[in-house]
Amino acid sequence: MDKHQQKEKILIAMSGGVDSSVAGLILKNEGYQVQGAILRIRDDEMTPEDITNGKLPQSIWYSRETARRLRIGFSIIDARKDYQEKVLEPLLAGFASGIQKDPWILCNQQVKRPLLLQLADQLDCTHVATGHYAIVRYDPVSERYLLRKGRDAGLDQSFMLYYLSQKELARLMTPLGDYTKEEIRQIARDAKLKNAAAPDSIALDSLPEGDHITRVENLLKNIYGETAVQAYREKTADRQRSDILSVGDVNFVSLSGLSGKRIPVSVKVRYLSAEQKGTATITEDGILQVQLEKPIDMIPGQSIVLYQEDLVVAGGVLLGPDRIKV
């Protein structure tokens, strides 16, 4: 390609971390016209005085500095109201009722996805790129976009993208899928990015069970009070274990469906949790049912993703024992 010939325009979803920063750098080096954007969703690390004085959260500051370093455009989307109404409030209300959805996935579904696609259209960007460690490829045989695990097995994030439709996968670019984390950090160091050594974010749903419960209880207490904490503890104590899971809000990704077949799968119920072997089928009443080799805690609302080797077959949310939709 002629060095003066630029490819199409890409919107890179930035987070302040090293991954999305390097994703933007890789795309620019490949000749794409890159536009950066970050959503302002929470101001936890800021004091009221900081907000009054117009100070930016650290994540936005890092993203803006990276955009300057890369010499790309940069936009800030104020999504604080959307996050409060569409993520935080239903999330915490669900926790108090025993429904435990993944905060990151809920935020991506309800806030980041629609706002970033809207901005991409406004800026005439053909694709939205992210810093996820996952691989998206078009398969001419099945005529579908396939979602695969990233090369870095210890940091695969295909789990976080199971809900995307074929139309959305067609517009998604994941430049980091073929890299390891250390390779990405080295690229950042070589480019002298300010966040090259920044620590990784920790998803609430990836915490060990004890730490996870403590974090949830603190969130509930701070917003809803001690009564909500007590309700959450009661629901947690009543959890049942089962090796048969019913899944709702199912999105078939790399397959168009199961057509009544029972297929072998590897099952992941929480991000970074170990996969379990099982089989999956569609029941007569249209529910995706998964049979595991070993029973697990039944926690309605948790995301569940089915794999065949590195391929994402489908994903959805775990229904309660009585198959009540959450």
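A crossing of two helices is left-handed if the near helix is turned anticlockwise from the far one by less than a right angle, and right-handed if clockwise. The model shown in these views is predicted, so local features need pLDDT of at least 70 and side-chain atom pairs count only at pLDDT 80 or more, while totals for chains, interfaces and linings use all residues. Residues are numbered from 1 along each chain as its sequence is written, and side-chain values use heavy atoms, with hydrogens and water left out.

**View 1. Helices H1 and H7 form a left-handed crossing.** Helices (H or I, at least four residues) and strands (E, at least two) are DSSP runs, numbered from the N terminus. H1 covers residues 18-29 and H7 covers residues 181-190; they pack at an angle of about 70 degrees, with their axes 10 Å apart. H1 is therefore roughly perpendicular to H7 (65 to 115 degrees; under 35 is roughly parallel, over 145 roughly antiparallel and the rest oblique). Axes are lines fitted to C-alpha atoms, for helices over the stretch in contact, and angles run from 0 to 180 degrees between N-to-C directions. On the H1 side, the contact (heavy atoms within 4.5 Å) is made by Val18, Asp19, Val22, Leu25 and Ile26. On the H7 side are Lys181, Ile184, Arg185, Ile187 and Ala188. These residues divide into seven nonpolar, no polar and three charged. Ala, Val, Leu, Ile, Met, Phe, Trp, Tyr, Cys and Pro count as nonpolar, Asp, Glu, Lys and Arg as charged, and the others, Gly among them, as polar.

**View 2. Helices H4 and H5 form a right-handed crossing.** The axes of H4 (residues 80-96) and H5 (residues 103-122) come within 10 Å and cross at roughly 160 degrees. This angle makes H4 roughly antiparallel to H5. From H4, Asp82, Tyr83, Lys86, Val87 and Leu91 meet Pro103, Leu106, Cys107, Gln110, Val111 and Leu115 of H5. Eight of the contact residues are nonpolar, one is polar and two are charged.

**View 3. The largest nonpolar core has 27 residues.** A nonpolar core is a set of buried Ala, Val, Leu, Ile, Met, Phe, Trp, Tyr and Cys residues joined through side-chain atoms within 4.5 Å. Buried means under 20% relative accessible area, exposed over 50%, and partly exposed in between (1.4 Å probe, protein chains only). Leu11, Leu39, Phe95, Val111, Leu116 and Leu220 touch the most other members. At least two residues each come from strand S1 (9-14), strand S2 (33-40), H4, H5, helix H8 (209-224) and helix H9 (226-237). H5 gives the largest share, seven residues. Leaving aside residues up to four places away in sequence, Leu116 touches Leu11, Ala13, Ala37, Leu39, Ile77 and Val128. Another core, of 26 residues, lies apart from this one and includes Leu27, Ala129, Leu176 and Ala191.

**View 4. Asp78 is in strand S3.** The strand covers residues 73-78. Asp78 is partly exposed, with a relative accessible area of 49%.

**View 5. Lys192 has a positive phi.** The angle is about 60 degrees, although Lys192 is not a glycine. Lys192 is found in the loop between H7 and H8 and is exposed, with a relative accessible area of 61%.
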